[in-house]
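I opened my notebook to look at how the parts of one protein chain sit against each other.

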Amino acid sequence: MIRLHITAEGQTEKAFVDQVLTPHLAHFDVYTDARCVLTSKDKRAAKEYRGGLISYQKAKADIETWMKEDANQECWFTSMFDLYALPDDFPGFDEAERLEPYQRIERLEAAFGNEMNKPNFIPYIQLHEFESLILADPAKLDWEYLEHEQPIGNLVKMVGTQNPELINDGRETAPSKRILKEIPEYDKVTSGVSVAAHIGLDALRASCKHFDEWVSRLEKLGGKE
């Protein structure tokens, strides 16, 4: 049995892992759990605050702490961080900035893996953010937003035949910003994850090459083909 610990950028990614990836990977004898990246601690109250990738060094330290807590040889670790608004102290950040999206993500993940320097760590950065998965089939937003036929139609038209992983990450044009422009009440943690689940992993993987490669690699941890 393989245990897989996933450090998620925020509550949305954690919920997606819990609700969508965990039951799927169990079929491959890979048993996952997820927690949001640590952002701060209140030592007086003995509290931890998690969610939001504000510093690479904090994320690295949090992952390393988890590795020390579970050093079993059958245990693996991975990340689910967004490329959009990635902290500029991330390894390889400046060098990767000039590259095309897939090359950029490859360079960043390689630098991340080298920094962690652990054979049981699989670096993963989502192109460009969680909502790229929603744009794999934005028509499914009607599952949560029944009275938004026209706004959803606008999103469907906008995506067209584009690769959702390549829809850009500007402040006003990132996938989440495009959805919010059409559906201001969009809630990524509840509705976003629900919509992604209804799109289904098969469709998400067919539309999102980098995401598919990551899931495939996680599946293989269990030793099943």
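**Ground rules.** I'm working with a predicted model, where local features need pLDDT of at least 70, side-chain atom pairs count only at pLDDT 80 or more, and totals for chains, interfaces and linings use all residues. Residues are numbered from 1 along each chain as its sequence is written, and side-chain values use heavy atoms, with hydrogens and water left out.

I then looked up who takes part in the contact (heavy atoms within 4.5 Å): 21 residues from domain 1 and 19 residues from domain 2.

**The buried area.** I read off about 1700 Å² between the two domains, with carbon and sulfur atoms giving 68%. Buried area is the accessible area (1.4 Å probe) that two parts lose on being put together, summed over both. On the domain 1 side, T12, Y84 and C208 supply 36% of what that domain buries against domain 2, more than any other three residues.

**Charges.** How many salt bridges are there between domain 1 and domain 2? I got zero, counting a side-chain nitrogen of Lys or Arg within 4 Å of a carboxyl oxygen of Asp or Glu.
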